[in-house]
Amino acid sequence: MPLGLTLGSLGRAMRRKRLSSLDILSSKRAPRDYYKGKNCKPTGFHTRKGGHVIVDEKLPRFVVPDLTDFKLKPYVSQCARDLTASTASSTSTETTENNS
């Protein structure tokens, strides 16, 4: 048997598809009481009677700086162009001509 055919069959054997037992574990393939969740941290705990208590220390806190005198404005386009005084005046005259 030629060496190329032997290496080809060996390469195919090494590239097998995943077995179903090694597949990604989901709630459909797991035991009945398995709950995967959505990768969120819990904000409280469950009580014995089925209630839920939210713990204040577990709630996320967002630190936002004071932006009162900040020069930049939000929602700036990535394709924004610099407007000079001559370009801005020509644009305004074009829009007034189009409106009339």
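Q: How many helices and strands does the secondary structure of the chain come to?

A: Helices (H or I, at least four residues) and strands (E, at least two) are DSSP runs, numbered from the N terminus. In this chain they come to two helices and two strands, and the elements run α-β-β-α from the N terminus on. The model is predicted: local features need pLDDT of at least 70, side-chain atom pairs count only at pLDDT 80 or more, and totals for chains, interfaces and linings use all residues. Residues are numbered from 1 along each chain as its sequence is written, and side-chain values use heavy atoms, with hydrogens and water left out.

Q: What percentage of the residues count as buried?

A: Buried means under 20% relative accessible area, exposed over 50%, and partly exposed in between (1.4 Å probe, protein chains only). Of the 100 residues of the chain, 2% are buried. Cys-40 is exposed at 64%, as is Cys-79 at 67%.

Q: How many disulfides does a search of the whole structure find?

A: A disulfide is a pair of cysteine sulfur atoms within 2.5 Å. The search of the whole structure returns zero.

Q: Which residues form a salt bridge?

A: Side chains of opposite charge can pair when their charged atoms come close. The rule requires a side-chain nitrogen of Lys or Arg within 4 Å of a carboxyl oxygen of Asp or Glu. The count by this rule is one salt bridge. Asp-56 pairs with Arg-61, their closest N and O atoms lying 2.9 Å apart. Asp-56 is partly exposed, at 47% relative accessibility, whereas Arg-61 is exposed, at 57%.

Q: Where is the place of Phe-70, and how accessible is Phe-70?

A: Phe-70 lies in the loop between strand S2 (52-54) and helix H2 (85-99). Phe-70 is partly exposed, with a relative accessible area of 48%.

Q: Which residues line the largest pocket?

A: Rolling a probe the size of a water molecule over the atoms shows where empty space is left. On a 1 Å grid over the protein atoms alone, a pocket is an open set of points where a 1.4 Å probe fits, with protein on both sides within 12 Å along at least five of seven lines; lining residues have an atom within 4 Å of a point. The lining of the largest pocket consists of Cys-40, Lys-41, Pro-42, Thr-43, Gly-44, Phe-45, His-46 and His-52. Strand S1 (residues 44-46) gives the most to this lining, with three residues.
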